[in-house]
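Hi there,

Here is the structure I promised to pass along. Have a look at it first, and my notes follow below.

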Amino acid sequence: MSKIGIFGGTFNPPHIGHTRLAEHFTDLLKLDRLIVIPTAVPPHKVSPDLARGEDRMNMCLLSFPDAVVSNMELVRGGKSYTYDTLCEICRQYPGDELYFIVGSDMLLSFDRWYKYEEILDMVTLCAADREGEGSALKQNGAPDFLKGKRLVVSDMPVFEISSTELRELIKNNMSTDGLLDPAVRAYIDERGLYR
């Protein structure tokens, strides 16, 4: 039986915070495989400046060289529901242990996800508590809907940048050193993304 990490997102663009989160849980849980999955259409947010799926896929390949980068949601098209993706992964990897990686912001609102109870039955939910000792998670504990579920919460240093802020830096032709993999920035510049 293998331990498989699943890390999805818009990755618009993928940044150092994403790669650190993936590396953190890969090491912590001693994962055998990490699957990175760019969404087709994110169901939880409006993204007017969403780069084409092919570009986000290519940027993920540059950012996560040791992972399996899957286009399953891009091929499926439409809104990317985690439940549908996990059902597909369960068919591909029957009997393996699945670990679904999210940030603490997603963890606290997880009960608003489509078929979240079914998701929690399929995976161990893994969240980074990036806010440290003052976080709502530390102060209040896990929300009631997560009680009795498989959950791993791990402290991680705060990474103070979002993809939205990065797109603004790129649009204004500013430096993204230390925030983006240089190969990803070169790809963005070459294709004129986020301009």
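In what order do the six strands form the open sheet? The order is β3-β2-β1-β4-β5-β6, with parallel pairing. At the edges stand β3 and β6 (151-155), each with a single partner strand, so one side of each has no neighbour in the sheet.

Some ground rules: this is a predicted model, where local features need pLDDT of at least 70 and side-chain atom pairs count only at pLDDT 80 or more, while totals for chains, interfaces and linings use all residues. Residues are numbered from 1 along each chain as its sequence is written, and side-chain values use heavy atoms, with hydrogens and water left out. Helices (H or I, at least four residues) and strands (E, at least two) are DSSP runs, numbered from the N terminus; two strands pair if DSSP finds at least two bridges between them.

Now to β2 (residues 33-38). Six bridges pair β2 with β1 (residues 3-9) in the parallel sense; among the partners, Ile-4 goes with Arg-33 and Phe-7 with Val-36. Towards β3 (residues 68-69) there are two bridges, also parallel, and Ile-35 stands opposite Val-68.

Helix α1 (residues 16-29) has several buried residues, including Leu-21, Ala-22, Phe-25 and Leu-29.

Happy browsing!

Notes
Buried means under 20% relative accessible area, exposed over 50%, partly exposed in between (1.4 Å probe, protein chains only).
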